[in-house]
Amino acid sequence: MARNIFKGLGVALITPFKENGDVDYTSLKRLVEYQIQNGADFLCILATTSEAPCLSKEEKQTIKDFIIDINAKRVPILMGCGGYNTKAVVEDLKTMDLTGVDGILSVCPYYNKPSQEGLYRHFMAIAEASPLPVVLYNVPGRTGVNMKPETTVRLANDSKNIVAIKEASGNLEQVDEIIKNKPSDFDVLSGDDALTFSMVASGAAGAISVIGNALPKEFSRMIRLEFKGEYEPARKIHHSFTELYSLLFVDGNPAGVKALLHEMGFIENVLRLPLVPTRLTTLQKITRILKALKL
């Protein structure tokens with residue numbers, strides 16, 4: 001029976017690019033080291049924040065191997081593997097090299113908007129095919145379909161290979177419903193930085209975070225304080241990031257966090273089309289907050 005090892009702060013890792021558009025492996029190595037040394041409990045690779053839809057199959061393989069090599073088994077690695085064609089995802093899981101990967105993050109099928117029964121059958125097929133534990137990913141703002149709490153709990157009960165869900169519905173009532181009814185060996189992870197404080201307070205096991213790319217030390221401290229029941233100092237950290245939470249997403253993800261990382265000197269501020277960098281006004285606000293935080 002699989003168990004969830006993805007707890008605490010998970011970083012939804014970006015993919016840095018050079019000015020010419022190539023993957024910047026020097027910056028990627030520096031980022032991975034920075035995150036592991038500053039509180040990241042696991043890494044989430046090749047998912048939404050990595051600009052995975054804009055990476056070639058060869059680039060994904062090279063990035064995966066590169067991160068696994070740098071990580072050297074220090075923290076667990078969760079890798080994105082999902083899509084709107086169940087058969088194709090199942091085939092990928094059966095044929096791809098998953099050496100060094102500890103679990104699969106699989107997003108709800110997007111664009112074709114399946115029913116709740118369709119979602120259930122899709123994820124059951126993936127769970128059966130996957131040689132690794134599966135973390136579900138519900139993000140209706142991107143997929144066009146919301147997986148309801150009863151479907152999530154049904155999957156958690158019916159498949160021992162489904163160990164957690166990254167919940168990014170933005171609906172705390174829905175999150176609470178899952179936590180209330182889920183089996184004890186199934187975890188909920190926050191997929192929304194701004195709601196992580198509230199979700200962990202309600203019983204979530206951690207977060208898969210965007211802001212963690214740049215501020216892993218502070219964000220992991222907030223989560224750990226909550227785990228110990230020290231909500232007041234955790235709340236202060238949460239409130240210090242309130243404006244930053246919205247700025248990182250106002251021009252789309254990962255444009256905001258890439259602008260932040262650029263201002264911190266980690267990467268070039270380069271994305272792949274159709275994504276573009278943040279507007280100048282957003283960048284100026286991010287720079288001002290960064291100075292105020294004295295990081």
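Student: Which residues lie nearest the centre of the second largest pocket?

Tutor: Tyr-137, Val-139, Ala-168, Gly-191 and Phe-249, out of 18 lining residues. The model is predicted: local features need pLDDT of at least 70, side-chain atom pairs count only at pLDDT 80 or more, and totals for chains, interfaces and linings use all residues. Residues are numbered from 1 along each chain as its sequence is written, and side-chain values use heavy atoms, without hydrogens and water.

Student: What makes a space a pocket and not a cavity?

Tutor: On a 1 Å grid over the protein atoms alone, a pocket is an open set with protein on both sides within 12 Å along at least five of seven lines, whereas in a cavity a 1.4 Å probe fits but cannot get out; lining residues have an atom within 4 Å of a point. The largest cavity holds about 40 Å³, and Ala-2, Ala-156, Ser-159, Lys-160, Ile-162, Val-163 and Asp-185 line this cavity. The second largest pocket holds about 280 Å³.

Student: Why are α3 and α4 called roughly parallel?

Tutor: The axes of helix α3 (residues 86–95) and helix α4 (residues 116–129) cross at roughly 15° and come within 9 Å. Angles under 35 degrees count as roughly parallel, on a scale from 0 to 180 degrees between N-to-C directions. The two helices are therefore roughly parallel to each other.

Student: Which residues make the contact?

Tutor: Thr-86, Val-89, Val-90, Leu-93 and Lys-94 of α3 meet His-122, Ala-125, Ile-126 and Ala-129 of α4; contact means heavy atoms within 4.5 Å. These residues divide into 6 nonpolar, 2 polar and 1 charged.

Key:
Helix = DSSP H or I, 4+ residues; strand = E, 2+ residues; numbered from the N terminus. Parallel < 35°, antiparallel > 145°, perpendicular 65-115°, else oblique. Nonpolar A, V, L, I, M, F, W, Y, C, P; charged D, E, K, R; others polar. Points joined across faces, edges and corners; volume = space filled by probe spheres on them.
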